[in-house]
Amino acid sequence: MSQYLRLEAREWTKEYMRGVDCVLIPTFTADLKSLNKAAIQHDVRKLIEFGFGGALLCADIAFSPDEYIQFAQWAHEAAEGKLRLVHHAAYNTLEQNIEVAQRATPYCDYVLLCYPANFYPQTEQDVYNYTRAFCDKVDMGVMLFPVPLWNFGRLHPAQMSMPLLRRLVDDCPTIVAIKAEGDLPGIGGLLDVYRQFKDVIVSCPLEAEIVPLMAEMDFQYSGTNYSACYGDYFPRMFDAAVKGNQDEAMDMFWKLHPARQAQSAVNQGVLFSGVLNRMMWKFQDWTIGLNGGPLRQPTGRISDNLMGQWRRGIEAVGLGVPPEPNANFYIGRNPE
């Protein structure tokens, strides 16, 4: 945490946590034995070109903590202060998440706190204890993330109840934001968090929701989300809405709709499976100019039918379709 002290975290993020944060997925060499520096830095520069304010350094793929830190170092080097980097606390245990976050602190601006697949809390106090322990040990601002992926709905329908969120915000000064998706696919969780929390930043990460809502609600930030596959569309839409140009924002919103429908179709089932298909996301990024390239197993797979469905969606919007065949995605734009 080079830019702010623990007690300054909320002040810093209220000033600098603005715009849209997307997701950056690392790239490996062709033999999958190591990371591909040129490809990673190509993608960082592309996200800056698209107008994103920051990017989540995706951690929930098959690579080691040491490789993750290398990924963060190379992304930080390429960003040159022009792109916020969000640490992804998505490792196997509380202890490992604390250790990796501490190592990533010199390269990242704040943390998206996730919960391990083997974490099965019996009460909301267990969720509090995990979250508090992480916040106490990590010197970065933390974004809480109520979402159905964690299976906390058996404790409260909002995944993390409003009283639990309030205790955490009051007791942990490094909690700077709430990524409010507790009622997906509904927006009740977002609206309840927005209503009750004015002391931290409230994020609605999904462009399909936040841009229409900004006609009536104030948001300064949206993230972290999967939207780089639309090129510069979401940053431009969000910026127009922030400036009060809602007609302009909604005009772009409706033009993007065929690609949004394709996005929903090729990524359907996430809420039920609990697994994000990062390979699909990486293919979508490749079609818009990012590197692409292979991921290690285990990973999701993608069929040519889904690839074609996505291509048709972005072509209908005018985002362009890469002339390369789908096979080139597995090679990437910066093969090594």
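1. A disulfide is taken here as a pair of cysteine sulfur atoms within 2.5 Å. The model is a predicted one, in which local features need pLDDT of at least 70 and side-chain atom pairs count only at pLDDT 80 or more, while totals for chains, interfaces and linings use all residues. Residues are numbered from 1 along each chain as its sequence is written, and side-chain values use heavy atoms, without hydrogens and water.

2. The whole structure contains zero disulfides. For Cys22, the nearest cysteine sulfur belongs to Cys229, 9.8 Å away. The sulfur of Cys114 lies 9.4 Å from the closest cysteine sulfur, in Cys58, which is too far for a bond. Cys22 has 0% relative accessibility and so counts as buried (under 20% relative accessible area, with a 1.4 Å probe and protein chains only). Cys114 is likewise buried, at 5%.

3. Helix 5 covers residues 124-137 (helices are DSSP runs of H or I, at least four residues; strands are runs of E, at least two; both are numbered from the N terminus). Its buried residues are Glu124, Val127, Tyr128, Tyr130, Thr131, Phe134 and Cys135. These fall within an arc of 165° seen down the axis, so they line one face of helix 5 (the arc uses directions from the helix axis to the C-beta atoms). Among the elements covering them are strand 3, helix 4 and strand 6.

4. Phe134 is in contact (heavy atoms within 4.5 Å) with Ala89, Leu94, Asn97, Ile98, Ala101, Val111, Leu113 and Val142, leaving aside neighbours within four places in sequence.

Notes:
The expected span of a helix is 1.5 Å times one less than its number of residues. Buried means under 20% relative accessible area, exposed over 50%, partly exposed in between (1.4 Å probe, protein chains only).
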